[in-house]
Amino acid sequence: MTSERVYEKLVRDKIPEIIRKSGEEPVTRRLADEEYLPALHKKLQEELDEYLKAETPEEALAELGDLWEVLRAAAAARGFTEEKLLQAASAKRQARGGFDGRVYLVKVLESGS
């Protein structure tokens with residue numbers, strides 16, 4: 001009797017090889033262009049959820065690495081290089097700042113006219 005686990009999700013390129021080495025047989029397909037970006041968006045959410053659930057610094061670092069890889073792939077899918085992605089982040093940081101100051105906006109008081 002054959003059993004199966006259904007995933008229906010985007011995985012890293014070497015996952016099928018890893019599954020084969022464990023003695024199981026993966027069933028895969030290559031996503032069409034129009035399927036790829038939505039699958040990356042879903043994967044981005046999955047990795048973000050896993051990061052938010054991380055309980056140790058090591059788990060958090062691993063999940064941040066996964067998030068970075070999905071961001072890199074999403075940028076590439078839209079035609080951007082990793083260099084362009086980093087430039088966009090740098091430009092935004094230069095124009096609006098980063099998050100190192102831990103600034104938490106409570107409210108904005110309107111000036112009277």
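Guide: Start with a rule: a salt bridge is a side-chain nitrogen of Lys or Arg within 4 Å of a carboxyl oxygen of Asp or Glu. Keep in mind that this is a predicted model.

Visitor: Why is the contact between Lys43 and Glu47 called a salt bridge?

Guide: Their side chains meet at 3.7 Å, N to O. The cut-off is 4 Å. The pair passes, so it is a salt bridge.

Visitor: Where do Lys43 and Glu47 lie?

Guide: Both are in helix α2. They sit four residues apart, about one turn of the helix.

Visitor: What makes Lys43 and Glu47 buried?

Guide: Buried means under 20% relative accessible area. Lys43 has 12%, so it is buried. Glu47 has 6%, so it is buried too. Salt bridges that share partners also join Lys9, Lys43, Glu46 and Glu47 into one network.

Visitor: How many salt bridges does the structure hold?

Guide: It holds nine. One of them pairs Glu24 with Arg5, at 3.1 Å from N to O.

Visitor: What does the pair of Glu24 and Arg5 tie together?

Guide: Glu24 lies in the loop between α1 and α2, and Arg5 in the segment before α1. The pair therefore ties together parts that are 19 residues apart in sequence.

Visitor: Is Arg5 buried or exposed?

Guide: Arg5 has 54% relative accessibility. Exposed means over 50%, so Arg5 counts as exposed. Glu24 has 36%. That value falls between the 20% and 50% limits, so Glu24 counts as partly exposed.

Visitor: How do you know that Asp66 and Arg12 form a salt bridge?

Guide: Their closest N and O atoms are 2.8 Å apart. The limit is 4 Å, so the pair qualifies. Asp66 lies in helix α3 and Arg12 in the segment before α1, so this pair ties together parts that are 54 residues apart in sequence. Arg12 has a relative accessible area of 45%, so it is partly exposed.

Visitor: Why can such side chains pair at all?

Guide: Opposite charges can pair when their charged atoms come close.

Visitor: Next, the largest pocket. What is its volume?

Guide: It has a volume of about 1,700 Å³. Its lining has 39 residues. Lys9, Leu10, Val11, Thr28 and Arg29 lie nearest its centre.

Visitor: Which helix gives the most to the lining of the largest pocket?

Guide: That is α2, with ten residues. Helices α1 (15-21), α2 (33-53) and α3 (57-77) each supply at least two residues.

Visitor: What classes of residue make up the lining of the largest pocket?

Guide: There are 18 nonpolar, two polar and 19 charged residues.

Visitor: Which residues make the nonpolar surface patch of about 260 Å²?

Guide: Trp68, Leu71 and Leu86 make it. Leu86 is in helix α4 (residues 82-96).

Visitor: What is the phi of Arg102?

Guide: It is near 55 degrees, also positive in a residue other than glycine. Arg102 lies in the segment after α4. With 76% relative accessibility against a limit of 50%, Arg102 counts as exposed.

Visitor: Is Ala60 buried or exposed?

Guide: Ala60, in helix α3, has 18% relative accessibility. The limit for buried is under 20%, so Ala60 counts as buried. Ala60 and Glu50 are ten residues apart in sequence and 8.5 Å apart in space, C-alpha to C-alpha.

Visitor: And why is Gln94 called exposed?

Guide: Gln94, in helix α4, has a relative accessible area of 71%. That is over 50%, so Gln94 is exposed. Gln94 and Ile15 are 79 residues apart in sequence and 38 Å apart in space, C-alpha to C-alpha.

Definitions and conventions: Residues are numbered from 1 along each chain as its sequence is written. This is a predicted model: local features need pLDDT of at least 70, side-chain atom pairs count only at pLDDT 80 or more; totals for chains, interfaces and linings use all residues. Side-chain values use heavy atoms; hydrogens and water are left out. On a 1 Å grid over the protein atoms alone, a cavity is a set of points where a 1.4 Å probe fits but cannot get out, and a pocket is an open set with protein on both sides within 12 Å along at least five of seven lines; lining residues have an atom within 4 Å of a point. Grid points are joined across faces, edges and corners, and a volume is the space filled by probe spheres set on the points. Ala, Val, Leu, Ile, Met, Phe, Trp, Tyr, Cys and Pro count as nonpolar, Asp, Glu, Lys and Arg as charged, and the others, Gly among them, as polar. Patches are made of residues with over 30% relative accessible area and no salt bridge: like charges are joined within 9 Å, nonpolar side chains (Val, Leu, Ile, Met, Phe, Trp, Tyr) within 5 Å. Accessible areas come from the Shrake-Rupley method with a 1.4 Å probe; for residues, only the protein chains shown count as cover. Buried means under 20% relative accessible area, exposed over 50%, partly exposed in between (1.4 Å probe, protein chains only).
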